[in-house]
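Student: Please take a close look at a single part of this model. I want the details in one go.
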Amino acid sequence: MKKSIFMAALLMSLVFILAACGGGNASDPSEESTEGSNGEATEGSEANAEEGGALSGSVTGDGSSTVAPILELINEDFNAEYPEVQVSIGVSGTGGGFEKFVAGETDFQNASREIKEEEVSALEEAGIDFTEFKVANDGLTVAVNTENDFVDYLTFEELKTIYSGEAETWSDVRDEFPDEEITAYAPDQSHGTHDFFKEAVMEDGDITAELNQDTNVISQSVASSEGAIGFFGYNYYMVNQENLKGVPLQGPESEEPVEVTEETVMSYEYPLARPLFVYAKNESLENNESFMQFMEFTLNNASSAAEEAGYVPLTEDEMQEQKDKLEAFK
């Protein structure tokens, strides 16, 4: 009887011992939660901390319709990665955008030409310091209707004859051309493309043509009129290439006509090749973390966005120069 009582007590002791060991090894959610809040952070709390410090704020830009497709593609990806940052990009044209930039309304300004001296002076008077960044290359493309089978190339002098209004028919441009009326189209004065053509081809003379603020209207007008000619950014030509005939150009320093291609634009062999710019307000780079992140994202993705938008990316060395400029602000 005593032996049975002893064995029962021994068994009960073993049960308690095993239960205690098992309890020591089991996880206790309440203990983990307490440790996470009072001690070192867990992976979950690290993620919450990162989420709590997520980038937010606003960035405002405006300017060139030529540069806009590149920045819009970049902004789509930026918004996916930084959804709390509100980025707005207006399309007032290079000239109109600079007016807003001078007025202090924007953090950055897209431009399809270099900034003018009077715009630099206006920014100085307004106390606005800025930095110029190249983001891509463009070839200002001259195009005619696809039914035009006689224009095989044009010189700058011939373009000047057309866009000064001196030539009313194609035979006024070149004797062997037919006696057919010319209708010339061009972007209006709000566009950097207008200014670039005026300086490069017209030698600062006025452009006489049917001017339009909407570049799509210009390309569509040329595509629908046999006697038409127009000019616009390379992107607009590539998008409408099936309906337009690009015209090789012979510039003042060209030995022979040069066709607009990615290679001739990148090498600047094409006489109307040009860089595309983003001008950034220094104060915004220094004080607006969201804008600094946006500009860094822009330079890291400009080459792929330029290709996707139908433009020509900068060389690796050119892009590194732009990144070095931005790095100086960090």
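This is a predicted model: local features need pLDDT of at least 70, side-chain atom pairs count only at pLDDT 80 or more; totals for chains, interfaces and linings use all residues.
Student: Which residue follows α7, and is its phi positive or negative?

Tutor: Gly 165 follows α7, and its phi is positive, near 90°. Numbering starts from 1 along each chain as its sequence is written, and side-chain values use heavy atoms, without hydrogens and water.

Now the helix itself. α7 spans residues 156–163; helices are DSSP runs of H or I, at least four residues, strands are E runs of at least two, and both are numbered from the N terminus. Six of its eight residues are buried, that is, under 20% relative accessible area, with exposed over 50% and partly exposed in between (1.4 Å probe, protein chains only). These are Phe 156, Glu 158, Leu 159, Thr 161, Ile 162 and Tyr 163.

What covers them? The cover includes the strands β5 (141–145), β6 (154–155), β7 (183–187), β9 (228–232) and β11 (249–250), plus helix α8 (192–200).

Tyr 163 also matters for the core count. In the largest nonpolar core, of 76 residues, Tyr 163 is among those that touch the most other members, along with Leu 154 and Phe 197. Such a core joins buried Ala, Val, Leu, Ile, Met, Phe, Trp, Tyr and Cys through side-chain atoms within 4.5 Å. Helix α13 (289–309) gives the most to this core, with 10 residues.

As for confidence, the chain's mean pLDDT is 87, and 84% of residues reach 70 or more.

Conventions: Contact means heavy atoms within 4.5 Å. pLDDT is the predictor's confidence in each residue, from 0 to 100.
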